[in-house]
Each structure stands twice: as structure tokens, then as C-alpha cells.
Amino acid sequence: MKKLLILLAGLLVFSACGGKAAPKTIDMEGFTAAAVEKLKEDDELVKLSAEKAADFYDLTFDGLGEYIIYISGTRATSDEVCIMKLADNGDAVTKAKESVNKRLTEQKADYELYIPAEFEKLNKAVVLSDGNYVVFVSGLEADVVKQLIESNKK
Amino acid sequence: MRANRSTTRKRQFSSTFLVFSFSFLMIVVISSGLALGWQFLMPQKDTAENIHIDKGIEKAPIRITEAENATPVIPPEVISLPPPTTESGKNMEDRAKNEYFDDAAFVGDSITTGIEIYDIMTNADVFAETGLGLYNILDRACIKFGEEKVTIPQALMRTKPKKIYIMLGGNSLGGNATGGYDASALEAYKKFVETLASQNPQSIIYIQSVLPVNEAKFKEKYKKELTNKNIDAFNVDLKAMSEKNGYHYLDVASVFKNEKGEMPAEYTPDGIHIRSEQYNMWFDFLKENTIK
């Protein structure tokens, strides 16, 4: 009986410490909708078609899965929300970040002399990766973006 | 007894038959009289014979030769309605269709980029960029052709559109010391259009007026002034320059002015850029004002 109890306890300890939890997925629709909702007072954000998104973001690299991108329709602001799901968290994530940073550089060039306040916003834009996701948001504070990501994980 | 009873019954039957026959005749006579009297006294209703339809011309207007006040019942297939009209009163048939823009290119600044972003006219080319103005449009390589970026004149030479729509100036009309717009703006505009016209002799060139602003919103957002007075003055000179040089001036600004001559606040998030619904208003105007 004593041996049996020791065996059961050992199994419990093993299952608690040794099992690695599966990575959480981000509800991409939920995340972008929540971010756009926070930005809509200043501007109209438009969801880009796949073709247009590929053009605006130069999405020609391998390992790109789903993506959702909203940009300012009126161009009155530099507000933008982008999330990409990559095949892995290695090369594809690096390429996705390069693509996002290229877009950010272009936006800065457009707004620097045109609307300096929007240029400042772009300087504080959030670019981050979380597992095999890459997120880019202009117009929201980093803390807000991280909180929105967490609240849309499942 | 039997014979007597039979004779009595025959007499009773004969008298009853006479009473019924007389009554029936009276009913017939009275009814006929009433019917004739009714027809004589009451006015005639219109009939199909009162309406003369020229069947030789389908959907021709219906001519009524008698009974002017009558309301005839007309078969629906021959009713000819006037062509539907737009709010401006022009016939829908006069409006250009989307296909008109198949060989068109739209050139301009951030306002023009919205044509592409909002998918307003996907069959047309849009060569525009945020922040473009009259002083940098000839030199700034901002239009993507694959991996390459080219200037707007280069993009137009590659695509050779039959129609070029230009809307520029909003970013270059800062006031000067005398309260007017900077005179060099019109010169810069003229130089740009002359460049396009010489490089694209195949193209009809449409010059669209600078849109009005909502001055209060603009000042709040950008902490500087851009007045409709300046914009209107520029547009007057732009129109004169266009007419003098054979370009087609389009007063798009008129679509976006309220009774005070400024952009209504609800049309714009920041005083100068326009919302998606306003792009539809813009294109309604363009479709009604085309060169065939």
C-alpha cells in the first residue's frame, strides 16, 4: 500500500513538472477589432484586402500564414494595426519583422514633414513578436497593445 | 261529388295562374324601366375608346383626346416614365459608367490615395502618396512598380492612361503675409501639368479643384491656419489657367461646401481629409462631368 502511494505521488509530480503546456494562440480577429475600436475616434481604419496588404507590406517571404491589417483610410492619421501568424518562430518571424519595419520607415518618410504629430506617433509605434505572431500597432501605447494581446489569447 | 270537387279545383288553379302571370309581367316591365332610366341619368364612365395610344411608337407619351379629367386605366407596358435623375437633376443616362475609368489614372496626395484604400474605383490606376505637394511631386519617387519606385510622371509614361485626373494643392497653400495663397503654388502646378501634358499627348487632362477645409477642425488638429478664402482664390486662378491651356477644370470643391462655403465637420476627421462616404460623392460628381 505504501509503495502504491509513493508511485502515485511520483506520477503526480512528473505530470505537473515535466509536461510542457501547448503555446497559446491569439484570436487575431478579436485582437484587431479591439485595437481598431480604441483608435476609431480619431480616424476611419480600413481592413486591407490580401492583395493590397501584400502590396503595402511587401509580403513576399516564406512562412507567412494568416494576417490582418488595418490602415487609415482618410490618411489623416498614421494609425495602423497589423498582426501576422507565421509558420514558425524562427526565420519567418524575422522576415515578418523586417517587412513591418520597412512599412514603418515608409510611413515615417510620408509623415515626417507632412504631419509632425503623426511622425511622433510612428516613433512610438509598437513592433513585437509573441511566439509565432508578429504585431505592429501605431497609435496605441505599448502597454495597451500587450494587454490586448493577452486578453485575446486562448 | 267527385266531379264537383274537380271543377272547383280547376277554377282555383286558373285564377292562381293568372295572378302569378300578371305579377311576373309587372316585375319585368318595372325592372326594364329602372335599368333604362339609370343608364340615361348617370354620367358615362371612360372607356378604352376615349384613350388613343399611338401604337406605332413604343413607350411614346399617351395622348388623351377626350375626357381630360378622366383617369384612364392604361396597360403598364406602354407607360413611359421620364429617365431617372440624379440629385443634381442630370439624367442617369448622361452619367459615365465605371468603365469610363478603365483607362484613367488619378494623381494626387493623401486625399487621392483614399480612392485605392477604400476601393472606390478599382479599375483605375491611382498614383498618389501621403504628403505629396506641388513642390515635390515632380521628383519624389513614391510609386511602386514591383521592387522599383518611380516618380508620378514616370509612372504615367509607363501606363499611358487616356485620362489623367489631378487633385493637388491642399498641402501647398499656406498663407502669405498679405493673406493670399503663395503665388509660386500656381506656377508649380502649371509646370507639373505642362510636364504631364507634353509626356502624355494621348491623355485628356482633368484638373480638379482643391477641396475646401473645415477651418476650425484643421486649426485644432494642425495648430495652423488654412483658409477657404485662400483655397477659393487659388481655385479661381487654377480654373483660368486650365481654360487658357486646354485642360478640363472640374469644380469638385462645390460638392463639399456647406452654406458657409466650407467643408461640413462631419465630412472630415481633421478638417482636410475626407471620409469614405465623401469619396462616393466625389465620384458621383466625376461621373456626371466627363468628356466623351
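**View 1. Salt bridges across the model.** Counting over all chains gives 18 salt bridges, each being a side-chain nitrogen of Lys or Arg within 4 Å of a carboxyl oxygen of Asp or Glu. This is a predicted model, where local features need pLDDT of at least 70 and side-chain atom pairs count only at pLDDT 80 or more, while totals for chains, interfaces and linings use all residues. Residues are numbered from 1 along each chain as its sequence is written, chains are lettered from A and ligands numbered from 1 in the order in which they are written, and side-chain values use heavy atoms, with hydrogens and water left out.

**View 2. Two charged pairs between chains A and B.** Side chains of opposite charge can pair when their charged atoms come close. Zoom in on A:Lys52 and B:Asp119: they form a salt bridge with the closest N and O atoms 2.0 Å apart. A:Lys52 sits in helix α3 of chain A, and B:Asp119 in the loop between α2 and β4 (125-128) of chain B. Helices (H or I, at least four residues) and strands (E, at least two) are DSSP runs, numbered from the N terminus. A:Glu118 and B:Lys221 make a salt bridge too, at 3.1 Å from N to O.

**View 3. The A–B interface as a whole.** Here 22 residues of chain A touch 23 of chain B, with contact meaning heavy atoms within 4.5 Å. The two chains bury about 1800 Å² between them, 49% of it on carbon and sulfur atoms; that's the accessible area (1.4 Å probe) that two parts lose on being put together, summed over both. A:Lys52, A:Asp110 and A:Tyr114 supply 30% of what chain A buries against chain B, more than any other three residues.

**View 4. Helices α2 and α7 of chain B.** The axes of α2 (residues 110-117) and α7 (residues 276-288) come within 11 Å and cross at roughly 95°; axes are lines fitted to C-alpha atoms over the stretch in contact, with angles running from 0 to 180 degrees between N-to-C directions. So α2(B) is roughly perpendicular to α7(B), a label for angles of 65 to 115 degrees. Among the residues in contact are B:Ile111 and B:Ile115 of α2(B), plus B:Trp282 and B:Phe283 of α7(B).

Methods
Parallel < 35°, antiparallel > 145°, perpendicular 65-115°, else oblique.
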